[in-house]
Amino acid sequence: MLNRSIRFFELTGMNWLIPIANLLAGKNPKAQLNQLLASIGAPLVAFLIFLLLWSTAASNIKTSLGNLPGPSQTWEQFESLVDEHTAARDKEAAFYQRQEDRNAKRIEQGKEPKDIRPYTGAPTFFDQIFTSLYTVFIGFAVATIIAIPVGIICGLNSTIYTGLNPLIQIFRPVSPLAWLPIVTMVVSALYTTDDPFFAKSFITSALTVTLCSLWPTLINTTVGVSTIDKDLINVSRVLRLSWMTQIFKVVIPASLPMIFTGLRLSLGVGWMVLIAAEMLAQNPGLGKFVWDEFQNGSSNSLGRILVAVFVIGIIGFLLDRIMLTLQKSVSHDKTQEIR
Amino acid sequence: MEKQNNNAPTLTKRLTSLQKMIGATLASVTFTLATPAFAEELELEKEDLKFGFIKLTDMAPLAIAYEKGYFEDEGLYVTLEAQANWKVLLDRVIDGQLDGAHMLAGQPLGATIGFGTQAHVITAFSMDLNGNGITVSNEIWDQMKPNIPKDESGKPVHPIKADALKPVVEKYKSDGKPFNMGMVFPVSTHNYELRYWLAAGGIHPGYYAPHKGDTSGTIDADALLSVTPPPQMPATLEAGTIYGYCVGEPWNQQAVFKGIGVPVVTDYEIWKNNPEKVFGVSNKWAEENPNTHLAVVKALIRAAKWLDDNDNANRPEAVKILAQPNYVGADYDVIANSMTGTFEYEKGDKREVPDFNVFFRYYATYPYYSDAIWYLTQMRRWGQISEEKPDSWFHEIAKKVYKPEIYLEAAQLLIDEGKMSKEDFPFDTDGFRDPQTHFIDNITYDGRKPNDYLKKFSIGLNGDTVL
Amino acid sequence: MANSYLDISGVSIEFPTPNGPFKALDNVNLKIEKGEFISLIGHSGCGKSTVLNIVAGLYNATQGGVILQGKEVLQPGPDRAVVFQNHSLFPWLTCYENVRLAVDKVMKGKPKAERHEWTEYNLELVHMGHAMHKRPDEISGGMKQRVGIARALSMQPKVLLMDEPFGALDALTRAHMQDSLTEIQAELNNTVIMITHDVDEAVLLSDRIVMMTNGPAATIGEILHVDLERPRERLELADDPTYNHYRAEVLKFLHERHAKKDVPQSTKKATTTTSDAADKKEEDKKDVAA
């Protein structure tokens, strides 16, 4: 049990939890405490200093929306967002109840009951978080589906790579803000169904995420595939593995660490891009939340935006940890340190 | 689909044309006869709707119709969604992402005549009267103040005319500094009101020349007007990019609260009870969903009535709703200032303006042809319509875009359901208000004769003038 | 002329370079009998690896060719198993899985149990039975090389090709591995071609030592028959005059007759060997990708 949890912490990069686990298991408490102090102490002190600096700076910065909110005001706004969320859930329940009542009445009158509609109220902050996560995963998944095969082809065939490389290098640094208008117009032009399964704004922001998060995976896959140990390829030639076996048994496993390095970068880029895309495409999500609050210009707005800033940061961090864990678990060389 | 509503729409259509033929007076008789078929429930073509709005207090009828359950009473499941700016909003109505939206009165007209995005957009519901103001930065206010006459208590005499601003603009001009001001959209009420006010004080706001590809509207201008989305007005003023702006609430009161500017005049003073926003839908949507459209208008009429009921008694509750972050989202106090019948000019100079926001009184929700024609005259005046058009053209466009027949049909349904009374609606109008006089420059407007009206202005295009 | 088991005849190879074709090997002729253990020795860059790769079928000769049991070698195949210098185990597979991959290939159609047994047998043969479910990064360099050998042996090749199999190991481990190889060779009597830098290793293990001239256009300079009785004991041989004579012969060839001149850096490019040139190409590709 102890070893398993330690292994898990190592894998997820949460090494600072190891002494706690050891401590709980009663293993050499004094040494563990010292180690804990060393690994948690420094970040804790840094965080406290940050809070102190923030609250002093905040009380000295006067904006036209009042003082810049400090940690406590931001925390208050977080609580009020939670309250709003519960209030919205109550409203949602009432909304469904009304539909049930109306249907009951209709049945009484001998009429067909109507379908129960999904809640039409405004999404809360927490709904927006899930919308954002959903959007980024769709965009990221599409990018992955495109980038890995193309990367493998580029890595295997240097002619194709030489041909595509200039294009990749040109498109890679393009900002999402530049893509967005084009994506918006193209989506409007091509995505015309009467009963769309996805909202256009959703497709627009997901595609923008795809366009921007494509490149790290593609480039890393290419590099990963093209730098596979020549001997490994020779082994597979000596074994006369078929083309497909060679791809799935040798090429992909061999370049997995690089592919995952790319995926991790891609997801980071995608998450960053998404916030900007949501702001501009007006797709529901955290970006729109920030934008709406900025537009509202109420005395609470800055505090609410700061809550969003932290949430965006924490989610970005968690996504990175998840990818790091995956990256470590596919790494061939377990002794290598990946940060 | 087809089977479901094979009775209702044809009947509706027939009634509509019938009503056109016999005129408004007879219409009510027809309705009383026909009502049993409807009184129960409209056969809705579409029940799940999404409406767009811009964060302004005059979106209130939409918020109230939602929160008070008026939409649900009609069997409609509506989602309200704030839009980034007026252009995005209009584009999304045109391409069908939105079923309808809170629009500037000039937007359906502009779109239908092809100024900006070309599309046939119509309206059957006017959302409010008045509600806008012109704000200048503190710096400009200090320079204007000496030119404004004071009353015995030392307060500025209202309305403040642009005459007081003229010397300031001239000084900037002679210093070679462009005098920039913000408005919200080229075909917005705010653009025309700001231009009206400036021109009435002898400041030229500039012409458009779309036939030459010039849509900046700054030809011959003393003051240069540019587009800024309403919620960003205060921030843009604060940044010094513009010296003043014309916008709806709460963005004038916001400037007072933030201490970054001073509202100098409300549009109530520029033109008493001027028509403002409308509820616009695309013509295609209206043709495909006639009953749904009726149901929407019904809900909106009820919401507007609620907002004005008992001498604005419900306004504090409305302000509370509007202050929610998903609607207007500004602080309660800021919205309450104008919504509850007062308006704060210079900090501390709070005055009674009971009709600052009118949602239902004075037949505010009826889509008058004459209102449409006023906007068209202003488009001609400032060159957005580059050539001379006969009076008949103005009337034809007004009828193409403004749909009082749909409005009256909805009104009649509400009367039959006992939710409204006949006196609430102008059933005997021919769609033209009587000649209106309450303009800041005392010029009379008669919607029946747009070309004559245009000739009365000293600044502005008229007759066969082409730039 | 009687047909040999393995016949390398008239093999020359040229590689295209930006400065025109580079001739790496010129007219290499060698006949090998079944069960013979051959060492290829020469200075680095003399084309030893190229010879091995041509026999493996990884390269195709520009002129001449290789005939194995009367059949021309045109492409790589499991009948010419290769043990690479850097073990080249698939790092994501366990030792067992690495060997099993080869076993599955050569024993296609045989029952699962039989393949499993054969895999384990080969791992036991190289004394790796205890760690067969470990991954390559969990075992030492010498162990990895053992697994590499087990994989090659499991293919039951007609010729076993070894490219400096112990070159990357420390002296003690290397000695240990040589003893293991001797043992296995005594049991299986494979036909082996081994590249080495190590004179002792060559003399200790080989029936014949093939000494190569320096490149470019390298070829076989001399062939030395090692007539020492097997089993050969490392310690006893240390004082054996015959052994020392063979050793001296090889050293003389390498350091007197074909001493490698110190080549100035600027002209080094022209004398780069084939395998180096190939590596070079790889390097370039990496640069572009990065």
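Predicted model: local features only at pLDDT ≥ 70, side-chain atom pairs only at ≥ 80, totals over all residues.
**Domains of chain B**

I began with the domain assignment of chain B, which gives domain 1 (8-130 + 275-424) and domain 2 (132-272). I looked up the distance between the two C-alpha centres and found 27 Å. I then checked the contacts across the boundary: 39 residues of domain 1 of chain B touch 32 residues of domain 2 of chain B. On the domain 1 side, at least two residues each come from helix 7 (106-113), helix 17 (332-339), strand 14 (342-344) and helix 18 (369-381) of chain B. I sorted that side by class and got 18 nonpolar, 13 polar and eight charged residues.

**Nonpolar cores**

I looked next at the largest nonpolar core, which has 145 residues. Which of its members touch the most others? They are B:W197, B:V297 and B:L300. Helix 15 (residues 290-312) of chain B gives the most to this core, with 11 residues. I noted that both domains of chain B give residues to this core, so the core lies between them.

Apart from neighbours within four places in sequence, B:V297 is in contact with B:A124, B:F125, B:I406, B:Y407 and B:A410. I also recorded a second, separate core of 132 residues, whose members include A:L65, A:L263, A:W271 and C:W92.

**Helix 4 of chain B**

Why is helix 4 (residues 60-67) of chain B described as largely enclosed by the rest of the structure? I checked burial along the helix: eight of its eight residues are buried, so the helix is largely enclosed. The list runs B:A60, B:P61, B:L62, B:A63, B:I64, B:A65, B:Y66 and B:E67. I then looked up what these residues pack against, and found strand 1 (48-53), helix 5 (70-73), strand 2 (77-82), strand 3 (100-104), helix 15 and helix 16 (315-322) of chain B. Just after helix 4 of chain B, B:G69 has a positive phi of about 80°.

**A sheet in chain B**

I traced an open sheet of five strands in chain B, in the order 10-7-11-6-12, with mixed pairing. Strand 10 (223-227) and strand 12 (261-266) of chain B are at the edges with a single partner strand each, so one side of each has no neighbour in the sheet. I noted an average twist of 25° from one strand to the next.

I looked at one pair in detail. Strand 7 (residues 179-183) and strand 10 of chain B run parallel and are joined by five bridges. Within strand 10 of chain B, B:L224 is the residue opposite B:N180.

Then I looked for helices on this sheet. Helix 10 (residues 189-200) of chain B lies across strand 6 (132-137), strand 7, strand 10, strand 11 (244-248) and strand 12 of chain B, at about 65° to strand 6 of chain B. Helix 12 (residues 251-258) of chain B also packs on the sheet, where it touches strand 6, strand 11 and strand 12 of chain B. The direction of helix 12 of chain B makes about 145° with that of strand 12 of chain B.

**Chain C against chain A**

Last, I turned to chains A and C. I found 22 residues of chain C in contact with 21 residues of chain A. Helix 2 (95-106) and helix 10 (274-289) of chain C are the elements that give two or more residues to the chain C side. Helix 10 of chain C gives the most, with four residues. By class, this side of chain C has 14 nonpolar, three polar and five charged residues.

Conventions: Residues numbered from 1 in each chain as written. Chains lettered and ligands numbered in written order. Contact = placed C-beta atoms within 7 Å. Nonpolar A, V, L, I, M, F, W, Y, C, P; charged D, E, K, R; others polar. Domains from an automatic or database assignment. Core = buried A, V, L, I, M, F, W, Y, C linked by C-beta atoms within 7 Å. Buried ≥ 20, exposed ≤ 12 C-beta atoms within 10 Å, placed from the backbone. Pairing = 2+ DSSP bridges. Axes fitted to C-alpha atoms, helices over the stretch in contact; angles between N-to-C directions.
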